[in-house]
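I opened my notebook to get to know a structure that was new to me. Here is what I looked up, entry by entry.

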Amino acid sequence: MDRALTEQEFLERFDNAIKNKHIFITYQPKINHSTGRMIGAEALMRWKDPEYGMQYPSDFIPVLEKHDLIYRADLAVFDSVCDFIKRCINAGIDPVPISVNMSRYDIYRKNYVDEIEKIRKKYDIPVKYLHVEVTETSAIGGMELVSGVLKLLHEYGYIVEMDDFGSGYSSLNVLKDLPVDVIKLDMRFLSGDIGGRGGTIISAIVQMAKWLGTPVIAEGVETMEQADYMKSIGCKYIQGYLYSKPVTEDIFLKKILKLEHEPLTPALDLVTAMDAGKFWDPRSMETLIFNNFVGGAVIFSYQNGKAEIIRVNKKYVREIGMNMLEQEILNTDPFQGMDENNRRIYSDALEKAINTNDEVVCETWRMICSKTCGEDKICVRSYIRMIGKTENQYLFYSMVHNITAEKTRFNELYESDQRFRHASEQANVYAWEVDIGTKIMHPCFRCMRDLNVPPVVNNYPEPVIESGLFPPETADMYREWMRKLETGEVDNLEGIIPLTVGRIPFYVRYTLERDENGKPLKAYGSATLVIDENENENK
Ligand code: C2E
Ligand code: CA
Ligand code: CA
């Protein structure tokens, strides 16, 4: 007759159960829902009593914990897992990493980590095949205690997984302070409608974990809908009945042989000095800076040509998101709205940023859809820098400027100036016009292309003087020219000014246009190369 044992019976039968392997392990695979490959498995304890049948952890684990026996059961489990891995290796089978549960009572035992390490050494198996699951509630016993245990586990090389994340014990704080390598998010703690509040919490946790660079495994996933939802918010690792219930060793071995394996993607390694934890903290200096002291900025990950936005600041939203919410932009693709050509420009820039490890600037057009304005085409100048990488995943930080207005002007100029452009190209002439009333200067296409003059210059000539286009000692003379044109003292001006970085001599000429009352309207400037006749003759 199958029934649960009583507390007394568990205690009486415990020694015997350990000795005769009535306590044994089942394995539940962890799967990458995107690829269908196995990334690992969890070892779960079972107790099959010869008389009363299968016993479940929810019944006997509290009893063992209460009577300080759990460490013996856990060490037995650890021993069996090592034994299994060893047998796999000996048989030429590549096993997956197996996670073993560590009770919070194990954490209170001084030598527990050394004890498991001794067992691993006894079997002489690589530590990469063993993960340790520690529950969030362990922190109840004090942070220093858990921190110490995690530190030691890491020293020995174990991957540590934070179990039952989201079960409620001040989750976010725990995560920030404990250096875990993997987060297990239990769907059952957060269920309800995934489109509603539950979903918002899950998605916030996944976002944060991503930013911390910590992979997340969704546990207790029973339906395809749940798995797809998790994947859609960026959590592709799944453990649950959907893929497999915990199974006995022989069935698990068949799965190991049948399914392809792949490693859990390691956490992103931030290459800058930025502190990821602080960066995520809404009150930290980093967040303050991100939100207030830089322009529009976005952080996104990039892997095999696919990109995903992880974080944007408010100015980013204003700059290019029009009136979208920050939330709506997360998880979208920074390539969104770009055509083939612009995609190429952008991905080339990313590749360049990866290869040079330096800031790369690019300009791309994209369609955006905003709630109030409908579809619109915008041009964005991006200053892109790689801030983190793993073997095949990259993290980018990009400042953005919406330069649509500038560009539209440029294009209009470009079209209306087509003929003039060809002519100036032929004549080697650089030309520009200055509106006397507004001090706005419009350069020709060649000025923009060769001399790097922006399409519209306000408060001319100051920005151009500042840019160093002509020598500082000519600046006052040039200002004087402008004054003479503004006041209408002269109609023509001419001089030689050495321009550009190379300080090449140019004839610079001005002609003034006046209105019907003789008031100065526009000044037309041009610059042509001074051709040294002698030098030409010598050649
Ligand atoms: P846990 O570590 O959170 O383990 C996951 C539990 O969720 C397992 O229950 C597993 O069978 C169950 N589960 C997995 N997928 C699904 C699903 O899709 N739907 C539902 N409803 N359940 C699912 P199990 O094996 O009964 O273990 C319960 C708990 O007992 C474990 O929770 C763990 O805290 C503890 N436990 C199990 N084995 C050990 C062990 O070796 N040592 C220690 N200290 N605790 C263990
Ligand atoms: Ca667990
Ligand atoms: Ca769990």
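Entry 1: I began with Gln-28, where an N or O atom of the side chain is 3.0 Å from a nitrogen atom of ligand 1. I count such a pair as a polar contact when the N or O atoms are within 3.5 Å; within protein, one must be able to donate a hydrogen and the other to accept it, and residues adjacent in sequence count only if both atoms are side-chain atoms. For Glu-222, I found a side-chain N or O atom 2.5 Å from a nitrogen atom of ligand 1. I then looked up the cover: on its own, ligand 1 has 800 Å² of accessible area, and the protein covers 84% of that (Shrake-Rupley method, 1.4 Å probe; for residues, only the protein chains shown count as cover).

**A note on the model.** This is a predicted model, in which local features need pLDDT of at least 70 and side-chain atom pairs count only at pLDDT 80 or more, while totals for chains, interfaces and linings use all residues. Residues are numbered from 1 along each chain as its sequence is written, chains are lettered from A and ligands numbered from 1 in the order in which they are written, and side-chain values use heavy atoms, leaving out hydrogens and water.

**Entry 2: the shell.** Which residues come nearest to ligand 1? Of the 22 around it (a heavy atom within 4 Å), they are Arg-46, Asp-74, Arg-188, Glu-222 and Tyr-241. Strand 2 gives the most to this shell, with 4 residues. Helices (H or I, at least four residues) and strands (E, at least two) are DSSP runs, numbered from the N terminus. I also noted helix 2 (57-66), helix 3 (70-90) and strand 6 (159-165), each of which supplies at least two residues.

**Entry 3: the cores.** I looked next for nonpolar cores, meaning sets of buried Ala, Val, Leu, Ile, Met, Phe, Trp, Tyr and Cys residues joined through side-chain atoms within 4.5 Å. Buried is under 20% relative accessible area, exposed is over 50%, and partly exposed is in between (1.4 Å probe, protein chains only). The largest core has 75 residues, and Val-81, Ile-98, Leu-153, Met-230 and Phe-252 touch the most other members. Helix 3 brings the largest share of this core, 11 residues. A second, separate core has 31 residues, among them Ala-431 and Leu-512.

**Entry 4: Ala-353.** I found Ala-353 in helix 15 (residues 340-356). Is it buried or exposed? Ala-353 counts as buried because its relative accessibility is 0%. Leaving out residues up to four places away in sequence, Ala-353 touches Asp-358, Val-360, Ile-384, Met-386 and Phe-396 (heavy atoms within 4.5 Å). Ile-384 is 31 residues from Ala-353 along the chain, yet their C-alpha atoms are separated by 6.8 Å.

Entry 5: Most residues other than glycine have a negative phi, and most peptide bonds are trans. I noted Asp-124, with a positive phi of about 55 degrees, in the loop between helix 5 (112-123) and strand 5 (130-135). Asp-124 is exposed, because its relative accessible area is 59%. Asp-164, in strand 6, also has a positive phi, near 50 degrees. Lastly, a cis peptide bond joins Tyr-460 and Pro-461, with omega about 5 degrees.
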